[in-house]
Amino acid sequence: MSLTIRKATEDDTASLSRICLLTADAGVSAEALHDFGELPGLVYSVPYVKLPTTWAFILEEEDTREVVGYVVGSTDTRAYERYAAEHWWPPLAEKYPVEQAVKPGDIYYAKLLRNMHTAPDANIAFSPVHLHINILEKHQKQGWGRKLIATAVQFLIGAGFQGMWLGVDPRNESAKKFYKRLQFEHIAGTLDQLGLRFADFEGVARPSIA
């Protein structure tokens, strides 16, 4: 089985949504927590092929064209937050009223759409760039997470940036170990926020971008 990394487009929306759901519960499937399985992706993956300031790369099986992972983000987190607050979250909040939510995942996201978190100032001081990364379980622990991060680093260095950051679910121990190996470090003054300075990144040979 051969995998490749390429830039994502809006045509990848369904795949981004699916992968997000299948990894949304601290790295494992959140299907049992939702009637509206699209909700995690509408917050954490799909906007990154639709909104301004965003970028995205996907991991894809070459033979089947199945998308099995992604890394997505924004080069200007505050601008992203402002645009989403005006144009993205309000129609979703209207579409997914809290009173219609029954399962715990749906209740959580329905409330989140009405009170979306924003990045701590310490994160923005570290870098304007944030990201999210997920890979389906069968393709984890094979070096593809590092290659996706390397692809993001290559792209962002080319755009003039020196670092990036993310939030990590405190329950996801394997993710925390993965980020530590890649030289992500805790951002002072925050909870569960990790930053990577590109000068510290010891990536594998960075893959070409299709």
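The questions and answers below take up these topics in turn.

Modeller: This is a predicted model, in which local features need pLDDT of at least 70, side-chain atom pairs count only at pLDDT 80 or more, and totals for chains, interfaces and linings use all residues. Residues are numbered from 1 along each chain as its sequence is written, and side-chain values use heavy atoms, with hydrogens and water left out.

Colleague: How many aromatic pairs does a search of the whole structure find?

Modeller: Rings of Phe, Tyr and Trp (its six-membered ring) pair if their centres lie within 6.5 Å; planes under 30 degrees apart count as stacked, over 60 as edge-to-face and the rest as tilted. Searching the whole structure on that basis gives nine aromatic pairs.

Colleague: What is the geometry of the pair formed by Tyr 108 and Tyr 109?

Modeller: The two ring centres are 5.0 Å apart. Because the planes stand at 90° and over 60 degrees is the cut-off, the pair is edge-to-face.

Colleague: Is Tyr 109 buried or exposed?

Modeller: Tyr 109 is placed in helix H4 (residues 104-112); helices (H or I, at least four residues) are DSSP runs, numbered from the N terminus. Buried means under 20% relative accessible area, exposed over 50%, partly exposed in between (1.4 Å probe, protein chains only). Tyr 108 has 45% and so counts as partly exposed. Tyr 109 has 7% relative accessibility, so Tyr 109 counts as buried.

Colleague: Which residues does Tyr 109 touch, not counting those up to four places away in sequence?

Modeller: Contact means heavy atoms within 4.5 Å. Ring pairs also link Tyr 44, Tyr 108 and Tyr 109 into a cluster. With residues up to four places away set aside, Tyr 109 touches His 34, Leu 39, Pro 40, Val 43 and Tyr 44.

Colleague: Which residue of the lining of the largest cavity is charged?

Modeller: A cavity is a set of points, on a 1 Å grid over the protein atoms alone, where a 1.4 Å probe fits but cannot get out; lining residues have an atom within 4 Å of a point. The lining consists of Phe 36, Leu 39, Tyr 96, Pro 97, Ala 101, Asp 106 and Ala 110, divided into six nonpolar, no polar and one charged. Asp, Glu, Lys and Arg count as charged, whereas Ala, Val, Leu, Ile, Met, Phe, Trp, Tyr, Cys and Pro count as nonpolar. The charged one is therefore Asp 106.

Colleague: Is Thr 13 buried or exposed?

Modeller: Thr 13 is in helix H1 (residues 13-23). Beyond its neighbours within four places in sequence, Thr 13 is in contact with Val 46, Val 49 and Lys 50. Its relative accessibility is 19%, so Thr 13 counts as buried.

Terms used:
1 Å grid on protein atoms, 1.4 Å probe; cavity = no way out; pocket = protein on both sides within 12 Å on 5 of 7 lines; lining within 4 Å. Helix = DSSP H or I, 4+ residues; strand = E, 2+ residues; numbered from the N terminus.
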